[in-house]
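Trainee: Hi! Could you walk me through this structure while I have it open?
Mentor: Happy to, let's look at it together.

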Amino acid sequence: MKMKKYLSTHIVVFLFISTAVLLQSCDKGFEDLNTNPDASGKINPEYVFSKAQIDAARNQAYGTPGTMQYTTTFNEVAGFGSKYIFLQGNAPYVVFNNGYVREINEMGEVIRAIKDDPELINELSAARIWRAYCFHLITDQYGDIPYSEAGAGYTKGIYKPKYDAQEDIYADMLKELEEAALSFDPSKKTFGNSDLLYGGNIDSWKKLSYSLMLRLGMRLTKVDANLAESWVKKAIAGGVITEDADIAAITSYSNGQDINKNPIANSWLSEDYIRANGRDNQEGGKYQKNFIDYLKANKDPRLGVISVVWVENGTGYKADTAFDLQKGMPSNFINKPADFGDYSEPNPNTMLKYEAPMLLVTNAETNLLLAEAAIRGWYTGNASDLFEKGTGAGLRQWSLYGSAGVIDQTKIDQYIAAHPFNESGSFEEKMDQIHTQLWVALFPNSMEAFSNWRRTGYPQLVPNVVPGNVTGGQIFRRMIYPPSEVNLNKEQLDIVIARQGPNTFLTRIWWDVETAK
């Protein structure tokens with residue numbers, strides 16, 4: 001009995017000591033064993049900034065070109081934009097869902113990492129401008145959105161952020177753009193090559209900031225004309241993008257991962273046009289009749305740059321850019337028409353190139369907005385000259401797509417001469433001319449075209465009425481919050497719905513009003 005007790009006691013002691021030694025041994029190597037040698041515990045702001053630029057540019061590409069009557073389809077599911085039919089998919093949610101988990105979180109981390117270092121003031125200024133750009137894409141689609149508490153789950157434990165009123169969001173974005181533009185210091189470092197837009201060029205960043213200020217200031221024309229005038233004048237005084245060299249664009253590549261490719265080209269090819277014969281388009285997509293008819297009626301030299309019809313050549317099909325062949329498909333088709341192959345679709349040598357650039361803010365847009373400022377009396381520039389500059393820039397910018405996009409200067413001059421600015425027209429006639437031209441110049445940036453159309457009412461688009469639409473035959477006024485917000489942030493969502501209105505496609509956002517206040 002004594003021997004058994006003795007052994008039992010020593011076994012317990014031995015096990016205790018062995019366990020202690022083992023635990024101590026494991027504890028010594030625990031950190032090393034559980035640390036990923038290929039990961040960093042501290043972010044690299046330069047890398048994350050580059051990623052946020054790409055992500056925001058890609059998010060811009062998730063507009064609905066059908067809504068702006070650039071494209072259409074006979075397919076009900078794919079006809080969300082042009083037919084106002086929403087049966088399935090995530091088209092109304094994608095900008096919201098992508099933006100917060102990607103560029104909004106990324107820009108929050110970049111700013112948090114550099115904000116306290118005075119030597120990084122230029123990086124911080126560029127980051128503030130880009131963050132405003134990221135947020136404006138989202139708020140212009142949805143209205144009130146999480147803003148002041150967005151991306152604060154990791155840093156502050158805020159997992160159900162409040163929705164800020166769009167009026168307050170705009171006030172802060174404009175403040176950020178102004179302060180950031182004034183904060184650049186030529187003696188300090190920049191993001192350099194990590195800046196995919198301008199390579200760290202401070203002057204270009206200032207022009208981008210003031211160009212975004214001009215864009216956002218103009219958004220306010222109907223909701224608060226005095227405030228709009230104030231910000232537009234500040235933007236003009238600061239200096240906006242007016243030349244080709246200052247266009248804000250992201251370069252794309254034909255190889256590597258999909259993130260390196262132009263997102264519109266990648267999406268259109270993978271979902272619709274990969275067969276390259278005009279007959280077997282997976283989603284039934286084509287250019288819409290209204291868009292092609294407008295280009296043809298105005299003898300627009302961009303038509304052959306962006307559009308082809310696939311014709312038989314004996315051994316198969318070839319893409320033909322001939323002006324007379326181009327024909328847009330009506331948007332009210334609900335079945336595949338017998339002549340489907342005869343309708344125009346994107347030119348594979350421009351629109352469907354993986355390496356096509358992503359144009360974010362152009363001098364075509366800013367010059368045309370300056371023309372509007374001039375007719376409003378907010379700018380001393382000549383509206384006719386500005387209209388011509390904007391029109392010409394919209395034609396020249398296609399050269400960025402490669403040789404197939406180059407439009408001869410003689411054709412550009414002829415087009416401008418054939419479409420002089422209507423200086424004797426009424427204010428609304430001038431607005432119609434300016435913003436119909438901007439509608440064409442913005443293509444394929446349907447997201448910005450959607451915002452500008454809601455603000456101005458131009459071009460004068462005729463709604464498409466088909467059975468099963470969710471808007472009563474009216475064109476969308478906004479996108480809707482995703483179901484995930486109902487499930488995960490319902491309390492805050494209920495507050496914003498009570499303030500802004502129902503979560504429907506026809507609820508107008510703050511700056512989208514019928515008449516000026």
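Trainee: Let's start with Ser 82. Which residues is Ser 82 in contact with, leaving aside its neighbours within four places in sequence?
Mentor: Ser 82 is in contact with Gly 66, Thr 67, Thr 71, Thr 72, Thr 73, Gln 288, Ser 331 and Asn 464. Do keep in mind that this is a predicted model.

Trainee: Okay. And what does the side chain of Ser 82 make a polar contact with?
Mentor: The partner is the side chain of Thr 72, at 3.0 Å.

Trainee: Where is Ser 82 found, in terms of helices?
Mentor: Look at helix 3, residues 80-83; Ser 82 is part of that helix.

Trainee: Is Ser 82 buried or exposed?
Mentor: Buried. Its relative accessibility is 4%, and buried means under 20%, so Ser 82 falls in that class.

Trainee: How many bridges does strand 6 have with strand 7, and how many join it to strand 8?
Mentor: Strand 6, residues 307-312, pairs with strand 7 over four bridges, while two bridges join strand 6 to strand 8.

Trainee: How many of the six residues of strand 6 are buried?
Mentor: Five of them, so strand 6 is mostly covered.

Trainee: What about Gly 314, in the hairpin of strand 6 and strand 7?
Mentor: That hairpin has four residues between the strands, and Gly 314 takes a positive phi near 100° there.

Trainee: Last one, cavities. How many of 30 Å³ or more are there?
Mentor: Seven. Of the 22 residues lining the largest cavity, Gln 60, Leu 359, Tyr 401, Pro 444 and Asn 445 are the closest to its centre.

Trainee: Which strand gives the most to that lining?
Mentor: Strand 9, with four residues. Helix 2 (45-60), helix 10 (263-273) and helix 16 (427-442) are among the elements that each supply at least two.

Trainee: And how do the lining residues divide into nonpolar, polar and charged?
Mentor: For the largest cavity, 15 are nonpolar, five polar and two charged.

Note on methods:
Residues numbered from 1 in each chain as written. Predicted model: local features only at pLDDT ≥ 70, side-chain atom pairs only at ≥ 80, totals over all residues. Heavy atoms only, no water. Pairing = 2+ DSSP bridges. 1 Å grid on protein atoms, 1.4 Å probe; cavity = no way out; pocket = protein on both sides within 12 Å on 5 of 7 lines; lining within 4 Å. Points joined across faces, edges and corners; volume = space filled by probe spheres on them. Nonpolar A, V, L, I, M, F, W, Y, C, P; charged D, E, K, R; others polar. Buried < 20%, exposed > 50% of the residue type's maximum accessible area, 1.4 Å probe, protein only. Polar contact = N/O pair within 3.5 Å; in protein donor to acceptor, adjacent residues only side chain to side chain. Contact = heavy atoms within 4.5 Å.
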